[in-house]
Amino acid sequence: MTTAGSAQGPSSLHCLRCGQEVRGFTGCPRCAAEGIGANAMPPLADLEGLELSSYPGGPWGWPETLPVSGPPVTLGEGGTPTIRLRTDPAALGDGLAPECGSELWVKYEGGNPTGSHKDRAMAVGVAAALETGADTVVAASSGNAGAAAAAYAGRAGLRCVVFTDEGVPPALAAQMDLLGAEQVQVEGGFLARNAAMARAVEEHGWYPLTSFSAPSPGGNPYADEGYKSVAYELARDFAGRRIGAVVVPTCRADLLSGIERGFRELSAAGLVSAAPRMVAAEPAGAAPFTAALRHADRAAQERTRVESHPTAAFSLGEERPCWQGLDALWRSGGTAVAVAEKEFVAEQRRLAEQGLLLEASSAVAVSVARRMLRELPELVVAIGTATGMKELASGPAGG
């Protein structure tokens with residue numbers, strides 16, 4: 001088995017779209033000149049010789065599959081539970097198909113140390129930062145990424161600066177503060193926030209853990225490899241069973257792309273018989289992937305732009321589809337589905353009635369997953385990206 005990293009440090013990066021070798025964290029410059037945000041990623045790992053039955057879970061469960069070779073930075077992330085949901089006709093909602101025998105599951109990422117899937121990425125991203133000798137890491141965040149960055153930076157003894165905006169919920173701002181982040185609030189929304197981070201990276205040389213360039217290619221490519229572990233865990237937990245679709249709340253598609261890459265590695269090694277379809281779940285007010293896939297031509301898809309509006313799923317929202325997400329959908333035969341705010345707010349409350357408190361963005365994915373039940377005979381898994389406790393200071397979504 002070969003590793004994705006090397007003894008000299010993080011592995012080289014190549015554009016997913018054109019194959020050009022890329023340095024830095026602003027994506028492929030050649031594709032950006034065409035107006036397309038395309039991430040550059042390390043090579044896929046070779047899983048030959050590994051056994052799912054002995055995989056302990058989490059990004060560091062198989063450290064040789066990651067693009068870093070230094071010591072792990074960990075708080076025990078990963079190994080999150082999968083929870084089966086009721087799919088009775090009353091729970092499916094108005095206008096949806098009655099129960100068809102499929103199973104609906106949630107992969108509950110709220111079980112991570114800071115309460116979101118971002119912990120998987122930040123564990124690896126901070127380890128990569130240490131390899132470069134960085135003393136300060138920086139993120140632009142609406143909350144979850146900033147909290148995770150602060151936690152793992154603190155674990156590694158690094159300074160953490162987080163650029164936020166006025167829309168960050170108080171509970172998330174308090175979490176970042178308690179975890180030691182130096183918060184810089186920028187007026188003007190996420191574009192202004194990202195621009196401020198870009199200046200900081202350029203002027204101070206801080207190590208970037210999140211996306212900050214425009215058009216956005218996606219997040220830090222080393223950090224994003226931590227998301228492959230979601231696929232490994234699902235393959236292990238549903239061993240011998242076919243997963244029809246994995247539904248992912250999608251903004252810049254870091255998580256979507258990471259899970260697809262993980263399943264691609266598993267398929268290449270013969271550890272799964274077939275990879276599931278990937279499905280991008282979006283709020284109707286901010287749905288570039290759904291708009292893109294309405295075009296038959298891929299060139300038109302990758303150049304799609306939409307008007308993005310704020311929604312209760314505040315962590316989701318882009319004007320363009322990041323190319324890495326389109327690539328994941330194309331490779332897996334997947335799709336993108338947008339749901340109205342009324343629908344996913346109702347889903348968030350329905351989940352709470354079943355004892356599962358998820359953030360509104362996660363409820364977007366569960367809403368889409370319920371729709372997928374009428375199309376697929378196999379089980380469907382929605383990724384519950386974060387606990388809903390982070391939003392409680394302002395009440396449930398729509399409340």
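View 1. Val22 has a relative accessible area of 5% and is buried (buried means under 20% relative accessible area, exposed over 50% and partly exposed in between, with a 1.4 Å probe and protein chains only). This is a predicted model, where local features need pLDDT of at least 70 and side-chain atom pairs count only at pLDDT 80 or more, while totals for chains, interfaces and linings use all residues. Residues are numbered from 1 along each chain as its sequence is written, and side-chain values use heavy atoms, with hydrogens and water left out. Val22 sits in strand E2, residues 21–22 (strands, E, are DSSP runs of at least two residues and helices, H or I, of at least four, numbered from the N terminus). Leaving aside residues up to four places away in sequence, Val22 touches Leu13, Cys15, Gly27, Cys28, Pro29 and Ala40 (contact means heavy atoms within 4.5 Å). Val22 and Asn39 are 17 residues apart in sequence, and 9.1 Å separates them in space, C-alpha to C-alpha.

**View 2. The sheet that E2 belongs to.** Here 3 strands make an open sheet in the order E2-E1-E3, with antiparallel pairing (two strands pair if DSSP finds at least two bridges between them). E2 and strand E3 (40–41) are the edge strands, each pairing on one side only. Strand E1 (residues 13–15) runs antiparallel to E2 and is joined to E2 by 2 bridges. Look for His14, which stands opposite Glu21 in E2.

**View 3. A parallel sheet of 4 strands.** Another open sheet has the order E8-E7-E6-E9, and its pairing is parallel. Strand E8 (182–185) and strand E9 (207–208) are at the edges with a single partner strand each, so one side of each has no neighbour in the sheet. Strand E6 (residues 136–140) and E9 run parallel, joined by 2 bridges. In this pair, Val138 stands opposite Pro208 in E9. Helix H6 (residues 189–204) packs on the sheet, where H6 touches E6, E7 and E9, and its direction makes about 160 degrees with that of E6 (axes are lines fitted to C-alpha atoms, for helices over the stretch in contact, and angles run from 0 to 180 degrees between N-to-C directions). Helix H4 (residues 144–156) lies across E6 and strand E7 (159–164), at about 175 degrees to E7.

**View 4. H4 meets H5.** The axes of H4 and helix H5 (residues 170–178) come within 8 Å, crossing at roughly 15 degrees. H4 passes H5 in a left-handed crossing (the near helix is turned anticlockwise from the far one by less than a right angle; clockwise would be right-handed). On the H4 side the contact involves Asn144, Gly146, Ala147 and Ala150, and on the H5 side Leu172, Gln175 and Met176. By class, the residues of the contact of H4 with H5 are 4 nonpolar, 3 polar and no charged (Ala, Val, Leu, Ile, Met, Phe, Trp, Tyr, Cys and Pro count as nonpolar, Asp, Glu, Lys and Arg as charged, and the others, Gly among them, as polar).

**View 5. H9 crosses H12.** Helix H9 (residues 254–268) and helix H12 (residues 323–332) have axes that come within 8 Å and cross at roughly 40 degrees. That makes H9 oblique to H12, and the crossing of H9 and H12 is left-handed. H9 brings Asp254, Leu256, Ser257, Glu260 and Arg264 to the contact, and H12 brings Gln324, Gly325, Asp327, Ala328, Leu329 and Arg331. The contact of H9 with H12 has 3 nonpolar, 3 polar and 5 charged residues.

How values were computed
Parallel < 35°, antiparallel > 145°, perpendicular 65-115°, else oblique.
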